[in-house]
Amino acid sequence: MSDLKAQLLPTLKRYFGFSSFRPLQEAIIHDALDGRDVFALLPTGGGKSMCFQLPALVRPGLTVVVSPLIALMKDQVDALTAIGAPATFLNSSLESGEGRSRLRGLYAGDYRLLYVAPERLLLSGFLEEAQRWNVNQIAIDEAHCISEWGHDFRPEYRKIAQLRATFPDIPMMALTATATGRVRDDIIRLLGLREPRTYVASFNRPNLCYRVVPKKTPYDQILAYLRSHPEDSGIVYCMARKTTEMVADQLKADGIAARPYHAGLNPEDRSKNQELFLRDEVRVICATIAFGMGINKPNVRFVIHHDLPKNLESYYQETGRAGRDGLPSECLLLFSGGDASRQQIFINEKPDPSEQAAARAQLNQMMDYAETPGCRRASLLDYFGEEFPEANCGSCDNCLNPRSRYDATVSAQKMLSCVYRIHDKSGFAVGMNHLVDVLLGANTEKIRRWGHQTLSTYGIGRDTSKSGWTELGRELIRRGLLEPTKDKFPVLQLTPLGRSFLQQRKKLELARPIVTAQEESTSGTKRAGAIECDEVLFERLRARRKRLADEMGVPPYIVFADTCLRWMARQYPRTPDELLRVPGVGENKLRLYGSAVLEEISIHLAGHPIRHFEETIAPSGTMAKTSGINETTRDSLRRFRSGQPIDEIARERGFEVSTIEGHLAKAIESGEMIDLDLLLTPAEQQEMGALFAKYGWENISGIRDTTEGRYSYGRLRLFRAARGKHAR
């Protein structure tokens, strides 16, 4: 087995053109080669496929990959074929003759990877045939589909469990990009994984910028965005099929190549529109959530939500289709409270009260994300049980342009007093709409029937709009001053904290709500993961790539990813050996496309000088550590070195303890020296070292879960920063 592991890096370079692994990949691959069951949760763009593709290429036998979508199978196999890897797929899209030919190849041992849909596994006799193909690994991609708690539950995935009975001694690997703890447990149980090694990478996508803007005239807002990003390709998600077609038709009329995609289109049109998008013939796909699962187009530069998603898990999955290549990309949500009201109507139509309650809670979480004045990245990560260690992510609208704050004390007192007065007079609580009507002095049938026009709080809020009061009400709920009941039609109640606020006349300062916050453009801001390069050469290479892709009948990213072209336009390789050193250029791609690329670079250099760029990114294409640290981190470091305890620093600066731990870890990562003995006992250091050695140096979230939170994310990051680089 050690011989196989020694082949990993040479094989990685030969086929894929990379000289190092992404976080967790190497440990997962080692477990696969050792014959262990594995559960791997890696974010979109985190390199899940490599975890089963590379082992398949270094050892004899066949890896069977269960994949949910026909388009994804073809895409993956096209990409593997382009690098010279022996792979194939079997699904209903094949003519009978082609299917028989591939079956003959499987019996002959011609392939290392076979992609199949779950439905194919269940065809009569298929599993019996597969037992004769020397299967040595089974990989279940998009494994969350097996759980009814997963956001893309597919009943046919439940029957995959038969694989364990058919191949009792073959190791299985379950992979997904998004799963809560409940879904993870479901996957492991339903697939029958045996004492699996579990890997949970960070859910953070540092190259994505998250923005929420008030939804006013959505089509005009989308059109303005597209016109300000004329070279970018992306997805516009809409709630209704009719909306996808309307937006796509309007965009076409305004000169932007766009197509709709939804389950109501006939399969031929749906497939054609997707293919045009993958081949860069169409810039924009206007889609319902039917589009995107498993789509491997790495250069999606933006995802726009025309409507509010129903939950944060769907939102994370949909935004995750942007920037799979690691380059800067944007996620723009057009937010309106009216969208939430429409979602509520659908929720109320669900027949099961428990389903209604769960959907309502998920919608409230989505609303909290849309309206939060805090870091959106931190809010998203918190949903998945992960703590973002920085006070400012530098790549969401609230961190880039913090909202101004105002004294909301009087308004909060008015609203909370009104809740109290209504209950005191009537003996029952009311919902948000009626509460706001009382504050505004409305003349409704319910107000007259219940005599609420006689309340001292009737009409005291006429100086504020209805939407303003509604937004304040939701903020008071988030702050724990008001609490909605869990009924189908929830009513509002004062919490003990709300009563204390009124009685003690406490002060309340709030950020301006999103509906009144000034909209700021983020265009031109340098994003994490940016690869600075010769843009003229990049565009030349991109045009040549498109011609090569058309000749080969594949999407452009199958030839080279945008990241690869940017490295070429940064390094100016002029010989085959220099080109082979570019990340993403393997031997087969050098043979197929090398001469064309070198020709384009030569033509460009004949009329343009070589440009030089600062070393701000690592050779692997990931963001390198910056020289120096920002002022907020430096302040925490100064205080710590002066002898202040971490909890005292956090209290004085108004941060969480974990945030200060994150500052110190960042300082260590930037080259600053800190005595770890001042932070952790020898016993703690010894235990952490053993945990990182067992679960991998990138697996902080998994280790934190293993210790049931005994070690915080910040403390684990501190230890890794100080000791990890020496242990790896």
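View 1. A search of the whole structure finds 5 cavities of 30 Å³ or more, where a cavity is a set of points, on a 1 Å grid over the protein atoms alone, at which a 1.4 Å probe fits but cannot get out. This is a predicted model, in which local features need pLDDT of at least 70 and side-chain atom pairs count only at pLDDT 80 or more, while totals for chains, interfaces and linings use all residues. Residues are numbered from 1 along each chain as its sequence is written, and side-chain values use heavy atoms, with hydrogens and water left out. The largest cavity has a volume of about 40 Å³, a volume being the space filled by probe spheres set on the grid points, which are joined across faces, edges and corners. Its lining, meaning residues with an atom within 4 Å of a point, is made up of Val64, Leu121, Phe126, Leu127, Ala130, Val135, Ile138, Leu163 and Phe167. Helix 8 (126–130) gives the largest share of this lining, 3 residues, and these residues divide into 9 nonpolar, no polar and no charged. Here Ala, Val, Leu, Ile, Met, Phe, Trp, Tyr, Cys and Pro count as nonpolar, Asp, Glu, Lys and Arg as charged, and the others, Gly among them, as polar. Helices (H or I, at least four residues) and strands (E, at least two) are DSSP runs, numbered from the N terminus.

**View 2. The second largest pocket.** About 1400 Å³ of space lies in the second largest pocket, a pocket being an open set of points with protein on both sides within 12 Å along at least five of seven lines. Of the 42 residues that line the second largest pocket, Gln344, Asn364, Met432, Arg474 and Pro490 are the closest to its centre. The largest share of the lining, 9 residues, comes from helix 16, and by class the lining has 17 nonpolar, 14 polar and 11 charged residues.

**View 3. Aromatic pairs.** Rings of Phe, Tyr and Trp (its six-membered ring) pair if their centres lie within 6.5 Å, with planes under 30 degrees apart counted as stacked, over 60 as edge-to-face and the rest as tilted; by this rule the count comes to 12 aromatic pairs. Phe203 and Phe384 form a stacked pair, 4.2 Å centre to centre with 10 degrees between the planes, and this pair links distant parts of the chain, 181 residues apart. Both Phe203 and Phe384 are buried, which stands for under 20% relative accessible area, whereas exposed stands for over 50% and partly exposed for values in between (1.4 Å probe, protein chains only). The rings of Phe428 and Trp450 have their centres 5.1 Å apart and their planes at 70 degrees, so this pair is edge-to-face. Phe428 is partly exposed, with a relative accessible area of 29%, and Trp450 is also partly exposed, at 27%.

View 4. Glu390 lies in the loop between helix 17 (376–383) and helix 18 (397–400), and Glu390 is buried, with a relative accessible area of 15%. Leaving aside neighbours within four places in sequence, Glu390 is in contact (heavy atoms within 4.5 Å) with Thr659, Gly662, His663, Lys666 and Arg717.
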